[in-house]
Structure formats: C-alpha cells, structure tokens
Amino acid sequence: MIVDDGHTDHVEQNRRYWDDQAAAWHGPLAREQWSQPQPRWGLWATPESRVGVLPDDLAGMSTIELGCGTGYVSAWLARAGAHPVGIDVSKEQLATARAMQAEFDIEFPLVLASAEAVPYDDHTFGLAISEYGAALWCDPYRWIPEAARLLVPGGRLVFMRYSPLYAMCVPPEGPASSTLSRPQFGLTRLDWGNHVEFVLPHGEMLRLLRSCGFVVEDLIEIQAPGHTVRDYANVPADWARQWPCEEIWKARLAG
Ligand SMILES: C[S@@+](CC[C@H](N)C(=O)[O-])C[C@H]1O[C@@H](n2cnc3c(N)ncnc32)[C@H](O)[C@@H]1O
C-alpha cells in the first residue's frame with residue numbers, strides 16, 4: 001500500500017538537506033565510526049553485544065544498507081565477512097563514504113538512489129539494514145515494501161529510528177520534554193520546514209510489516225546509559241534515561 005498523502009516532494013527536499021549537511025559529517029565524525037572495531041548503534045553508541053542487531057550468519061551474506069550516509073554500518077558488515085551495498089540519495093554523503101573506503105581500504109558498491117526505489121532485482125539480499133537512514137527519512141509505506149521486494153525469503157530487516165514517544169514529546173523548536181506536543185494519530189510525517197522525517201506509530205508499523213510479509217522478531221527500546229553521555233540539541237540524555245528516544249526493529253521475511 002502506498003499512502004498518497006499529497007506530499008511526494010520529501011525525497012528531493014531531504015536530498016538537498018543532506019547534501020548541505022554532509023560537510024558536518026565529513027571528517028572526524030565519519031572516521032570515528034569507521035574506526036570502531038565493533039558495531040555500536042545510535043545516539044548512545046549502544047554496543048552490538050547488548051542488542052544483537054546483526055544476524056550470526058553474516059559471512060558471505062549480500063546486504064543492503066538503505067540510506068547508508070557515510071557508510072560505516074556497511075563497513076562493519078564488510079569486516080564481518082558480508083558483501084554490502086550502500087544506497088543513499090545524497091551524493092555528498094556518498095563522497096564521504098568513498099573517502100572513508102579509500103582511507104580504510106574497504107571497498108563495496110555505493111549507489112546514488114532513493115531507498116524508495118532501489119535499482120536492484122527482487123530477492124537479491126539476505127539482510128536490509130538502516131540506522132536512521134530510510135528508517136527515518138523515507139516514507140515507510142514506500143521503503144518497507146521495497147525492502148521486502150529486495151530480500152530473499154527468510155531474509156532479515158533491521159532498522160533503528162526515533163521512537164514515536166520521542167516524536168510526540170519534541171516540539172517544533174525542541175528539545176524533547178515531558179509534555180506531549182503532538183498527537184499520535186496522524187504522527188507519521190514530521191515536516192521540519194527544511195526536511196521531512198517519518199515516525200510511524202507502533203501499531204501501524206506492525207501492520208505495515210506484516211502486510212509486507214514480515215514476521216516481527218523484536219522491538220528494542222534503547223535507554224541512554226547512566227554514566228555521563230553527551231546531550232543532543234533535541235534529545236537531552238536525562239530525557240532518554242527515562243523514556244526511549246530510539247528503538248530497533250528486527251523482522252524476518254516469511255519464507
Ligand atoms: C542520519 S544519516 C544515517 C546514515 C548513516 N547511519 C550515517 O550516520 O552515516 C541519514 C541518511 O539518509 C539519507 N537519505 C535521506 N533520504 C533518503 C532516501 N530517500 N533514500 C536513501 N537515502 C536517503 C541521507 O542522505 C543521509 O545520508
């Protein structure tokens with residue numbers, strides 16, 4: 001199902017936004033992530049050992065990262081023996097990913113395309129993954145059916161995004177507070193003026209995944225660690241110690 005919400009310009013708007021933002025990600029930020037020996041996820045660098053995002057049988061698996069940005073997740077997958085492909089709509093983000101590939105001597109295809117229309121055949125990949133890529137920046141009613149199309153039967157989909165609770169508690173001027181600022185009904189599309197994000201509420205996400213043939217295996221709500229961590233402009237660490245600001249979904253395509 002594709003929701004015709006009358007707003008089909010988000011891909012172009014987000015591409016422009018990320019081409020502008022990319023400079024901030026180029027350099028130390030990307031390098032720090034590429035340098036990590038073990039995956040660590042999201043705002044609070046949650047270690048892979050705690051959340052088990054990745055399948056055990058990655059070696060030899062073809063994977064696709066939807067909205068790969070600077071490409072460090074795919075680099076982690078390559079180090080684990082997978083054969084990754086990274087897709088992103090921003091040529092500037094991909095330029096950073098290419099620079100990191102050269103610096104770290106890890107090569108994999110980087111493709112300039114929208115995760116809502118991926119130029120690969122059906123049933124090509126064993127894992128589709130997104131850490132705040134398509135999971136946040138693409139219309140879920142477009143990118144999740146696309147992920148299902150790309151996966152082999154039994155293939156895995158894992159993605160990390162903001163939680164609906166966070167999206168409801170962050171006012172347009174930020175940061176998140178303990179007051180609900182938005183209704184849950186109709187939450188899906190968050191228009192920030194210069195970019196658009198998508199946070200589908202849990203019930204709708206569950207139904208969408210099931211309608212695309214996925215079996216949901218886990219939904220992990222992430223708590224910020226107790227020790228001192230940095231605050232983000234819209235996400236104070238103290239808020240995220242009390243409520244989940246981000247979450248990881250794990251699903252498997254029935255097969
Ligand atoms: C916060 S970054 C996350 C990616 C990666 N985890 C990282 O931090 O480098 C979001 C990425 O989503 C990409 N993006 C936005 N809209 C997209 C679309 N329609 N298709 C593919 N990528 C998209 C942006 O260009 C950006 O690189």
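The legends below describe close-up views of a predicted model.

Residues are numbered from 1 along each chain as its sequence is written, and side-chain values rest on heavy atoms, with hydrogens and water left out. Because the model is predicted, local features need pLDDT of at least 70 and side-chain atom pairs count only at pLDDT 80 or more, whereas totals for chains, interfaces and linings use all residues.

**View 1. The surroundings of the ligand.** The ligand is surrounded by 20 residues, where a residue is near a molecule if one of its heavy atoms lies within 4 Å of it; the closest are Thr70, Tyr72, Asp88, Gln93 and Ala115. By class, this shell holds 11 nonpolar, seven polar and two charged residues, with Ala, Val, Leu, Ile, Met, Phe, Trp, Tyr, Cys and Pro counted as nonpolar, Asp, Glu, Lys and Arg as charged, and the others, Gly among them, as polar. Helix 1 (residues 10-25) supplies the largest share of the shell, three residues; helices (H or I, at least four residues) and strands (E, at least two) are DSSP runs numbered from the N terminus.

View 2. An oxygen atom of the ligand lies 3.0 Å from a backbone N or O atom of threonine 70, and an oxygen atom of the ligand lies 2.9 Å from a polar side-chain atom of glutamine 93. A nitrogen atom of the ligand lies 3.0 Å from a polar side-chain atom of glutamate 131. On its own the ligand has 590 Å² of accessible area, of which the protein covers 97% (Shrake-Rupley method with a 1.4 Å probe; for residues, only the protein chains shown count as cover).

**View 3. The buried side of helix 2.** Within helix 2 (residues 28-35), the buried residues are Ala30, Gln33 and Trp34, where buried means under 20% relative accessible area, exposed over 50% and partly exposed in between (1.4 Å probe, protein chains only). They lie on the same side of helix 2 because they cover an arc of only 100 degrees around the axis, the arc being that of the directions from the helix axis to the C-beta atoms. Their cover includes helix 1, strand 1 (40-41), helix 4 (72-79) and helix 5 (91-104).

**View 4. Glutamate 146 in helix 7.** Glutamate 146, placed in helix 7 (residues 140-150), counts as buried because its relative accessibility is 11%. Its side chain reaches the backbone nitrogen of valine 118 at 2.7 Å. Not counting residues up to four places away in sequence, glutamate 146 touches Ala115, Glu116, Ala117 and Val118, contact meaning heavy atoms within 4.5 Å.

**View 5. Serine 163 between strand 7 and helix 8.** Serine 163 is found in the loop between strand 7 (151-162) and helix 8 (164-169), and at 2% relative accessibility it counts as buried. A polar atom of the side chain of serine 163 lies 2.6 Å from the backbone oxygen of proline 244. With residues up to four places away in sequence not counted, serine 163 touches Val199, Pro244, Cys245, Glu246 and Glu247.

**View 6. Alanine 24 in helix 1.** Alanine 24 is found in helix 1 and is exposed, with a relative accessible area of 55%. Alanine 24 and glutamine 93 are 69 residues apart along the chain, and their C-alpha atoms are separated by 10.0 Å.

Note on methods. A polar contact is a pair of N or O atoms within 3.5 Å; within protein, one must be able to donate a hydrogen and the other to accept it, and residues adjacent in sequence count only if both atoms are side-chain atoms.
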